[in-house]
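Trainee: I'd like to learn how to read a model like this one. Could we go through it together?

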Amino acid sequence: MALEGDQEETPISENPNGDDEIGEGFHVDGVGGFEDEDEEEEEEEEEEEAAGSGKSREARLAEESSKLESMFRRLASEKVKVRVHDVLIRGNTKTKDSLIESELVAVKNATTMQELLKASGIANHRFHSFGIFDSVGITLDSGPPELPGTVNVIVDVVETKNPLTGDLGIFTKPEARTWSLEGSLKFKNLFGYGDLWDGSLVYGGDKSSEVSTGVSLPRFKGMVTPMVARVSLLSQDWLKFSSYKEQALGLNLGLISTKRHDLTYNVAWRTLTDPSQMSSRAVRRQLGHGLLSSLKYTFRIDNRNSALRPTQGYAFISTSQIGGLVPDYRSLRFLRQEIDLRCAIPLGFYRTALNLGVSGGVIFPWGSGALGTPSSLPERFFLGGNASPVCTLGGPTTLLGFKSRGLGPSESRRVMREIYQGENSESSGMDVVGGDLAVTAFADLSFDLPLKLFRDAGIHGHVFACAGNLTKLSEKEFRKLSFQNFLDSFRSSAGFGIILPTKLFRMEVNYCYILKQFEHDRGRTGVQFCFSAT
């Protein structure tokens, strides 16, 4: 007899001990562990089968159902002692036993049936997260008759039939008037350690490109978190906004990755160039080679009921980064901190919810002469763009109504004199140089539309307001900073729109009205398209 662990009649989730529900693919078959009471029930069952073999099928099913209900009532009301006698692994032709066994330590050490059910459910979820199995089943069977109160755990896995997968797509960004071609190739479980190898290529219409390859190991040298290593070659063109091109060859190591904590190390050789030879003085000072060696720690809590349309809950994320870990004069030394706080408040009608968010970030050089040293240009904060502030969790970046790098400190480029048809003319522009201190905030009121057709498709409306500002702190500029001046120079926008969710992304069609901007800002009142990946 087998029981699917996620049936509605299972009261495991109501266990006062706080145990979780059994995961999908989990079965209980004739589990030993009910000691004398179980043995008596088995004897009674044998006697009944011998005396009344003519019972109807319906009666036998009702009897079995009653016994199952009794068993689950007992599991919910008291702890049932049990000991794991053996663990059997079946179906893995390529995957190493050691990988599967490493996820079953808690299962082997369980001392009660409740602990065993919870540990088995967690292990089942972990096996699915590896991405190398088409299906996973965990069965609990009774142990040897001479060892009462014991259980055998049987793990059945079906390895993926096609370890090689690939994706290719073209993505457009109407607001930025650009596009990107993205492709990836993945090979799963090459050496049997759950290793995932992948390569990716991204080429954008804005002359940006990235080629990268990496490997992910769910278990490395006994570590309880996945180990990720990635080599990438990045090229970005910021000539239009800031008069420089960026190229970086780097290695990224994911050291710790859990639900709430991430620790990564990144080392990259970076080159900044200005083919136009028109960059401002602030940009020219940072052209050339630089060595980025940084450690980044991220802490996150996200208790919202949805990342795309949150109607209740809260979220918080904090990212701390220190650069300059290599003793080299070209090493970029900086301290960078970002925080982001979100809150969704349900209003009780038409699925109306008020989303509030505030985020901030600061970067500052460290080391000898840090007070008079400019911060690293690519690590500074830049505001603007067309990403939804509701879905973008991670720091101050988005301000609806403003173009990418559309506000903040800027400097004049070099003046280039040209002779055209015998007349002298001068051409110049402004370089957006980013800020060392950035703050953004938003309020978004989302609601269902009255038409049932829209509600069924998830299409809904919203009204919003955004505000943000950034300023310079390095090179002793922090001495000139005052709270009142910083507050007075906030940019702001407001608007309304319709949100169309899809399986691949969330699209917003918004009308944005610029409430406040300054001379060299690039905000625009009108229709704006926003895209956020799911």
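Trainee: Which residue forms a salt bridge with Arg413, and how far apart are the closest N and O atoms?

Mentor: Before that, some ground rules: this is a predicted model, so local features need pLDDT of at least 70, side-chain atom pairs count only at pLDDT 80 or more, and totals for chains, interfaces and linings use all residues. Residues are numbered from 1 along each chain as its sequence is written, and side-chain values use heavy atoms, with hydrogens and water left out. Now, a salt bridge is a side-chain nitrogen of Lys or Arg within 4 Å of a carboxyl oxygen of Asp or Glu. For Arg413 the partner is Asp431, with the closest N and O atoms 2.6 Å apart. Arg413 sits in the loop between S16 and strand S17 (416-420) and Asp431 in strand S19 (residues 430-432), so the pair ties together parts 18 residues apart in sequence. Strands here are DSSP runs of E, at least two residues, and helices are runs of H or I, at least four, numbered from the N terminus.

Trainee: Are Arg413 and Asp431 buried or exposed?

Mentor: Buried means under 20% relative accessible area, exposed over 50%, and partly exposed in between (1.4 Å probe, protein chains only). Arg413 and Asp431 are both buried.

Trainee: How many salt bridges does the structure hold?

Mentor: There are 18. Take Arg270 and Glu379, whose side chains meet at 2.9 Å, N to O. Arg270 belongs to strand S11 (residues 261-273), while Glu379 is in the loop between strand S15 (353-365) and strand S16 (410-412), so this pair ties together parts 109 residues apart in sequence. Arg270 is buried at 9% relative accessible area, and Glu379 is buried at 10%. Salt bridges that share partners also join Glu246, Arg270 and Glu379 into one network.

Trainee: What does the side chain of Arg491 make a polar contact with?

Mentor: A polar contact is a pair of N or O atoms within 3.5 Å; within protein, one must be able to donate a hydrogen and the other to accept it, and residues adjacent in sequence count only if both atoms are side-chain atoms. Arg491, in strand S22 (residues 491-501), pairs with the side chain of Asp521 at 2.8 Å. A polar atom of the Arg491 side chain also lies 3.0 Å from the backbone oxygen of Ser489. Arg491 is buried, at 8% relative accessible area.

Trainee: Where does Asp521 lie?

Mentor: In the loop between S23 and S24, and at 10% relative accessibility Asp521 counts as buried. The Asp521 side chain has a polar atom 2.8 Å from the backbone nitrogen of Phe518. Contact means heavy atoms within 4.5 Å; leaving aside neighbours within four places in sequence, Asp521 is in contact with Phe402, Gly406, Leu407, Gly408 and Arg491.

Trainee: And helices: how far does H5 reach from its first C-alpha to its last?

Mentor: The expected span is 1.5 Å times one less than the number of residues. Helix H5 (residues 113-129) has 17 residues and reaches 24 Å, close to the expected 24 Å. Its buried residues include Met113, Leu116, Leu117, Ser120 and Phe127. Just after H5, Gly131 takes a positive phi of about 75°.
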